[in-house]
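Q: Can you walk me through this one? I'm new to it.
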Amino acid sequence: MAGSSSGFVVGLTVAALATVGFLAYQASAGVHADLGRPGAGSSPEAGTAGAPHTRQGPAALPVASGAGERVVYSLGADRVWLVGAGDTVKRTFRVTPGSVDPAPGVYSVTSRSNAVTGTDGTPIEHVVRFTDVDGITIGFSAPVGGSAPQPNPAVKTGGIRESRADGNAMWEFATIGRTVAVIP
């Protein structure tokens with residue numbers, strides 16, 4: 001009789017596992033594919049913390065990046081957007097930040113220089129400055145020769161480097177007083 005009771009227990013165990021497996025399958029099959037995703041009334045970044053540029057890919061204008069004609073600089077994406085009237089992106093491009101970052105916030109272009117030598121000794125052009133951090137000037141610039149040496153992490157620099165073509169576009173767009181929105 002001992003053999004038949006152990007067979008009975010094994011049978012009950014198999015039946016219980018089969019029932020649990022079936023119920024788990026039914027539960028997962030009944031879940032909608034969009035459960036947990038933001039609804040139409042939710043903000044697009046609600047489910048994507050740390051990625052402010054989720055509208056239509058990394059080059060799309062970030063949500064909550066201000067209003068009006070402005071320069072938008074994303075610290076996390078190392079990207080700049082030149083934004084015209086009606087939130088029209090005139091140009092977007094990648095940049096190489098210096099070793100000192102500005103705090104997120106809204107600034108204005110305070111000065112410009114056609115050609116100078118950067119704090120790292122690199123000849124630069126089309127310098128557009130908008131703030132300083134602990135005495136380090138922060139601004140956009142392009143290396144005159146088209147390429148810059150690898151940044152020295154021991155030297156504090158605030159130059160946000162762009163290509164010469166992008167530097168030309170920034171120079172034309174970011175005149176004194178132009179808004180610069182720095183986002184995380």
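Q: Which strands do the buried residues of α2 pack against?
A: They pack against β1 (70–74), β2 (79–83), β3 (89–94), β5, β6 and β7. Contact means heavy atoms within 4.5 Å. Helices (H or I, at least four residues) and strands (E, at least two) are DSSP runs, numbered from the N terminus.

Q: What should I know about the model itself?
A: This is a predicted model: local features need pLDDT of at least 70, side-chain atom pairs count only at pLDDT 80 or more, and totals for chains, interfaces and linings use all residues. Residues are numbered from 1 along each chain as its sequence is written, and side-chain values use heavy atoms, with hydrogens and water left out.

Q: Back to the helix. Which residues in α2 are buried?
A: Asp166, Gly167, Ala169, Met170, Trp171 and Phe173. Buried means under 20% relative accessible area, exposed over 50%, partly exposed in between (1.4 Å probe, protein chains only).

Q: And where does α2 lie?
A: Helix α2 (residues 164–173) lies across β5, β6 and β7 (136–143). It runs at about 55° to β6. Axes are lines fitted to C-alpha atoms, for helices over the stretch in contact, and angles run from 0 to 180 degrees between N-to-C directions.

Q: What is the strand order in the open sheet?
A: β5-β6-β7-β8, four strands with mixed pairing. The edge strands are β5 (111–117) and β8 (159–161), each pairing on one side only. Two strands pair if DSSP finds at least two bridges between them.

Q: How many bridges link β5 and β6?
A: Six, in the antiparallel sense; β6 covers residues 123–133.

Q: New topic: serine 113. Buried or exposed?
A: Serine 113 is buried, because its relative accessible area is 17%. It is found in strand β5, opposite valine 127 in β6.

Q: Which side chain does serine 113 join in a polar contact?
A: That of arginine 129, at 2.7 Å. A polar contact is a pair of N or O atoms within 3.5 Å; within protein, one must be able to donate a hydrogen and the other to accept it, and residues adjacent in sequence count only if both atoms are side-chain atoms.

Q: Now the largest nonpolar core. How many residues?
A: It has 23, and those with the most contacts inside it are Val71, Val80, Phe140 and Met170. α2 gives the most to this core, with four residues. A nonpolar core is a set of buried Ala, Val, Leu, Ile, Met, Phe, Trp, Tyr and Cys residues joined through side-chain atoms within 4.5 Å.
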